[in-house]
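Hello,

Here is the structure you are taking over. Please open it first, then read my notes below.

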Amino acid sequence: MADTNQPLPSPQPEPTPAPAAPQAPAPAATAPATILAGPGAPQAGRPDRAPRPGPPRTDGPRRPFPKGDRPKNDGSKPPPLDIRDFSMTRPNTRDLDRSIEEELSAALSGFDLKGTMATTESQTKQPAVPGVQAKKKGLIIGIHGKDVFVEVPGGRSQGVLPLLQFEGRSPVIGEEVEFDIDHYDGANGLLILTMHGAAQVVTDWSSVTRGMVVEAKVTGVNKNGTGLHIEVNGIKGFMPASQIDMYRVEKLEDFVNQKMKCVVSEVDPSERNLVVSRKALLEREREQLREQFWATIEEGQIKTGIVRSVKPFGAFVDLGGADGLIPVSEMSWSRVGDPSEVVQIGQKVEVKVNRIDFEARKIGLSLRQLVRSPWDDFAERHKTGSKMAGKVTRIMDFGAFVEVAPGVEGLIHVSELATLRVRRVRDVVTEGQEITVQILSIDTEARRMSLSLKALQVEAEATNAEQEDAEREADAKAAEERMAQRAANPNLRGGIGAGRIQFDAGE
């Protein structure tokens, strides 16, 4: 048994934990993580990166906000919002609409809204042509010397046009002109204008720029015949033969001593090189007229154009905004073998629009429809059964065509060539042969006519038979008359006397 008087061992006091360092308040959920990370501290989400070398920080973690900007919160519950305040400030929509209408009426007082909208709609409805700028128009308000002053619509200043751009004619005050704005002259407060499509004034090499329209005079043809020598207000230049017209030009000499507007395609003042093109200007003008042309063209219209090319199947005519084709069948009422016998390149002709294909942009023209049809005159003078002379123009397997009048042809069917069976048309008639035919029928509207040789042959045979019969009858009658008129012979007696009759004994 153990001694109970021995003192028990006193328990060891537990170690007091060291006071923890003050912790920074947890950042808000919306605060970026990079704000909390200070220099030398490991970055969040990158445990594999070692801290930067250097002495440890002793000032604690960086604060997310400056001390003065931290929101103060004593921990009390915020007061509830008074929802009734919002309902009391809700605006009345009717009053608001009324006030807006009053303000608009006051702001638009004296403003022509309908006229402005109508002008805007008319400008919007104009068809836009790709690559073609809208034309500007203004009224001439004054003429002083070589300057023509124009009122520019919508502008705060006036514009001035050179008098030379009117190409010899005298402008009239109040006349409407089309122009383009070149630049603004700040010294005089004027807009420098150029008339739409007019040639610009050239003084020296410095005033010539690429793309400008100038007036050139043709002084001659170069030695090789590949172009024209031109002169623009004393400045010499060259126009290639391919740039004279939109189509091939055969005789360059025809343009010598002529003045024409063209576009500057190349210019080099240091080399004294100037090249111009009339074709580019014609194509530009043609493009401007193309859309307007197709918007106004209709079948049955009479147009004036220039023959640009002649082909075996017809001729192409430039109508100003597009080309049209005159088929060889529409050149004349008579048969045309070579179209060049009717029209020539460069000839000005008047044609009728016969057919239009808007999708394919093709136009069919006619020359003969502008002349009275010879079928009308022919039908008035000749009727069915008439006989006339004609010339065989074509031979087909089914018959032969005969021209009986200029522009009027008829068909002799193979069954009407002869009374006998005909195997080949050429066995009866040949091309160019002059024959006489009879009209069987006439269709003026369809311009068709049936002719016949057989009818004439039948008639001729019948006539011949009648003549032969008449001749036989005449011969028989003549024979009877001759017999009746023959004189009797007095020595000729009729009968035999009884005394002279002798009988045999046995009789």
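These notes go through the salt bridges, starting with Glu330.

Keep in mind that this is a predicted model. Searching the whole structure gives 10 salt bridges. As background, side chains of opposite charge can pair when their charged atoms come close.

Start at Glu330. Find it in the loop between strand E13 (323–327) and strand E14 (348–357). Is Glu330 buried or exposed? Its relative accessibility is 12%, so Glu330 counts as buried, the cut-off being under 20%. Beyond its neighbours within four places in sequence, Glu330 touches Asn354, Leu365, Ser366, Leu367, Arg368 and Gln369.

One of those contacts is Arg368. The side chains of Glu330 and Arg368 form a salt bridge, 3.3 Å from N to O. Arg368 sits in the loop between strand E15 (362–366) and helix H6 (374–381), while Glu330 is in the loop between E13 and E14, so the pair ties together parts 38 residues apart in sequence.

Next, look at Asp377. Its salt bridge partner is Arg372, with the closest N and O atoms 2.8 Å apart. Asp377 is partly exposed, at 27% relative accessibility.

Then go to Lys387 and Glu459. Their closest N and O atoms are 2.9 Å apart, in another salt bridge. This pair links distant parts of the chain: Lys387 is in strand E16 (residues 387–396) and Glu459 in helix H7 (residues 454–484), 72 residues apart. Both are partly exposed: Lys387 has a relative accessible area of 45%, and Glu459 has 34%.

Best wishes

Note on methods: Residues are numbered from 1 along each chain as its sequence is written. This is a predicted model: local features need pLDDT of at least 70, side-chain atom pairs count only at pLDDT 80 or more; totals for chains, interfaces and linings use all residues. Side-chain values use heavy atoms; hydrogens and water are left out. Helices (H or I, at least four residues) and strands (E, at least two) are DSSP runs, numbered from the N terminus. Buried means under 20% relative accessible area, exposed over 50%, partly exposed in between (1.4 Å probe, protein chains only). Contact means heavy atoms within 4.5 Å. A salt bridge is a side-chain nitrogen of Lys or Arg within 4 Å of a carboxyl oxygen of Asp or Glu.
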